[in-house]
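Subject: Structure for you to look at

Hello,

Here is the structure I said I would pass on. Please open it beside this message and follow along; my notes come after it.

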Amino acid sequence: MTPETSPETAPRITSARPAMTERIMAETGLDENRLTALVHGFYDKVRRDPLLGPIFEARIVDWGPHLARMVEFWSSVALMTGRYH
(Lines give C-alpha, C1' and ligand atoms only; values in the text may rest on other atoms or scores of the structure.)
Protein backbone atom coordinates (compact mmCIF):
# COMPACT_ATOMS: atom_id res chain seq x y z
CA MET A 1 0.00 0.00 0.00
CA THR A 2 1.10 3.51 -0.63
CA PRO A 3 0.23 6.44 1.62
CA GLU A 4 -2.46 7.40 -0.89
CA THR A 5 -4.22 4.03 -0.72
CA SER A 6 -5.62 2.03 2.11
CA PRO A 7 -7.19 -1.43 2.16
CA GLU A 8 -10.56 0.25 1.78
CA THR A 9 -9.55 2.23 -1.34
CA ALA A 10 -7.20 -0.28 -2.98
CA PRO A 11 -8.57 -1.75 -6.22
CA ARG A 12 -9.93 -5.27 -5.86
CA ILE A 13 -8.41 -7.88 -8.11
CA THR A 14 -10.79 -10.66 -9.02
CA SER A 15 -9.89 -13.91 -10.66
CA ALA A 16 -11.57 -15.27 -13.77
CA ARG A 17 -10.54 -18.77 -12.70
CA PRO A 18 -13.71 -19.71 -10.73
CA ALA A 19 -15.93 -18.79 -13.68
CA MET A 20 -13.69 -20.76 -16.06
CA THR A 21 -13.77 -23.78 -13.76
CA GLU A 22 -17.55 -23.58 -13.48
CA ARG A 23 -17.92 -23.36 -17.27
CA ILE A 24 -15.60 -26.33 -17.86
CA MET A 25 -17.48 -28.42 -15.30
CA ALA A 26 -20.82 -27.53 -16.88
CA GLU A 27 -19.60 -28.30 -20.41
CA THR A 28 -17.79 -31.55 -19.62
CA GLY A 29 -19.61 -33.00 -16.62
CA LEU A 30 -16.24 -33.38 -14.93
CA ASP A 31 -16.09 -32.26 -11.31
CA GLU A 32 -13.75 -32.81 -8.36
CA ASN A 33 -15.50 -36.03 -7.31
CA ARG A 34 -15.28 -37.59 -10.78
CA LEU A 35 -11.73 -36.39 -11.19
CA THR A 36 -10.73 -37.93 -7.86
CA ALA A 37 -12.38 -41.24 -8.80
CA LEU A 38 -10.62 -41.19 -12.19
CA VAL A 39 -7.17 -40.54 -10.71
CA HIS A 40 -7.60 -43.15 -7.97
CA GLY A 41 -8.96 -45.69 -10.46
CA PHE A 42 -6.08 -45.08 -12.84
CA TYR A 43 -3.47 -45.61 -10.13
CA ASP A 44 -5.30 -48.68 -8.83
CA LYS A 45 -4.84 -50.19 -12.30
CA VAL A 46 -1.21 -49.05 -12.50
CA ARG A 47 -0.45 -50.65 -9.13
CA ARG A 48 -1.97 -53.97 -10.27
CA ASP A 49 -0.12 -53.94 -13.60
CA PRO A 50 2.68 -56.55 -13.63
CA LEU A 51 5.08 -54.25 -15.49
CA LEU A 52 4.21 -50.80 -14.09
CA GLY A 53 3.21 -51.78 -10.56
CA PRO A 54 6.70 -52.65 -9.30
CA ILE A 55 8.16 -49.45 -10.79
CA PHE A 56 5.68 -47.27 -8.95
CA GLU A 57 5.86 -49.30 -5.74
CA ALA A 58 9.65 -48.86 -5.67
CA ARG A 59 9.32 -45.07 -5.85
CA ILE A 60 6.16 -44.18 -3.97
CA VAL A 61 6.30 -44.93 -0.27
CA ASP A 62 3.07 -43.27 0.85
CA TRP A 63 0.28 -43.39 -1.71
CA GLY A 64 -2.07 -41.01 0.12
CA PRO A 65 -0.02 -37.83 -0.46
CA HIS A 66 0.90 -38.94 -3.99
CA LEU A 67 -2.73 -39.43 -4.98
CA ALA A 68 -3.74 -36.12 -3.40
CA ARG A 69 -0.99 -34.36 -5.39
CA MET A 70 -2.07 -36.05 -8.62
CA VAL A 71 -5.68 -34.97 -8.03
CA GLU A 72 -4.46 -31.40 -7.47
CA PHE A 73 -2.38 -31.57 -10.66
CA TRP A 74 -5.22 -32.86 -12.82
CA SER A 75 -7.67 -30.45 -11.21
CA SER A 76 -5.38 -27.62 -12.30
CA VAL A 77 -5.00 -29.03 -15.80
CA ALA A 78 -8.51 -30.26 -16.53
CA LEU A 79 -10.61 -27.84 -14.48
CA MET A 80 -8.28 -24.82 -14.40
CA THR A 81 -8.55 -24.63 -10.60
CA GLY A 82 -4.96 -23.60 -9.94
CA ARG A 83 -4.73 -26.09 -7.07
CA TYR A 84 -1.38 -27.56 -8.10
CA HIS A 85 1.78 -25.66 -7.22
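M80 is partly exposed, because its relative accessibility is 30%, which falls between the 20% limit for buried and the 50% limit for exposed. Please keep in mind that this is a predicted model. M80 sits in the segment after α4. Its backbone has a positive phi of about 60 degrees, although M80 is not a glycine. Most residues other than glycine have a negative phi.

G82 is in that segment too, after α4 (63-79). With a relative accessible area of 23%, G82 is partly exposed. Leaving aside residues up to four places away in sequence, G82 touches R17 and S76. R17 is 65 residues from G82 along the chain, yet the C-alpha atoms of the two are separated by 7.9 Å.

Salt bridges

How many salt bridges does the structure hold? There are three. Side chains of opposite charge can pair when their charged atoms come close.

One of them joins E32 and R83, with 2.4 Å from N to O. E32 belongs to helix α2 and R83 to the segment after α4, so this pair ties together parts that are 51 residues apart in sequence. E32 is partly exposed at 25% relative accessibility, and R83 is partly exposed as well, at 34%.

Another salt bridge is formed by the side chains of R47 and E57, at 3.0 Å from N to O. Here R47 lies in helix α2 and E57 in helix α3, so the pair ties together parts that are 10 residues apart in sequence. R47 has a relative accessibility of 34% and counts as partly exposed; E57, at 38%, is also partly exposed.

There is also a salt bridge between E27 and R23, whose closest N and O atoms are 3.5 Å apart. Both residues lie in helix α1 (residues 17-28), four residues apart, which is about one turn of the helix. E27 is exposed, with a relative accessible area of 59%, while R23 is partly exposed at 46%.

How α2 and α3 meet

At what angle do α2 and α3 pack? The angle between helix α2 (residues 32-48) and α3 is about 105 degrees, and their axes are 5 Å apart. The two helices are therefore roughly perpendicular to each other. On the α2 side the contact is made by Y43, V46 and R47, and on the α3 side by L52, G53, F56 and E57. R47 and E57 are also the salt bridge partners described above.

Is H66 buried or exposed? H66 counts as buried, because its relative accessibility is 19% and the limit for buried is under 20%. H66 is placed in helix α4. Apart from residues up to four places away in sequence, H66 touches Y43 and I60. Y43 is one of the α2 residues in the contact with α3.

A patch on the surface

L51, L52 and I55 form a nonpolar patch on the surface. Together they have about 280 Å² of accessible area. I55 is found in helix α3 (residues 52-59) and is partly exposed, with 39% relative accessibility. L52 also takes part in the contact between α2 and α3.

Regards

Technical notes:
Residues are numbered from 1 along each chain as its sequence is written. This is a predicted model: local features need pLDDT of at least 70, side-chain atom pairs count only at pLDDT 80 or more; totals for chains, interfaces and linings use all residues. Side-chain values use heavy atoms; hydrogens and water are left out. Buried means under 20% relative accessible area, exposed over 50%, partly exposed in between (1.4 Å probe, protein chains only). Contact means heavy atoms within 4.5 Å. Patches are made of residues with over 30% relative accessible area and no salt bridge: like charges are joined within 9 Å, nonpolar side chains (Val, Leu, Ile, Met, Phe, Trp, Tyr) within 5 Å. Accessible areas come from the Shrake-Rupley method with a 1.4 Å probe; for residues, only the protein chains shown count as cover. A salt bridge is a side-chain nitrogen of Lys or Arg within 4 Å of a carboxyl oxygen of Asp or Glu. Axes are lines fitted to C-alpha atoms, for helices over the stretch in contact, and angles run from 0 to 180 degrees between N-to-C directions. Angles under 35 degrees count as roughly parallel, over 145 as roughly antiparallel, 65 to 115 as roughly perpendicular and the rest as oblique.
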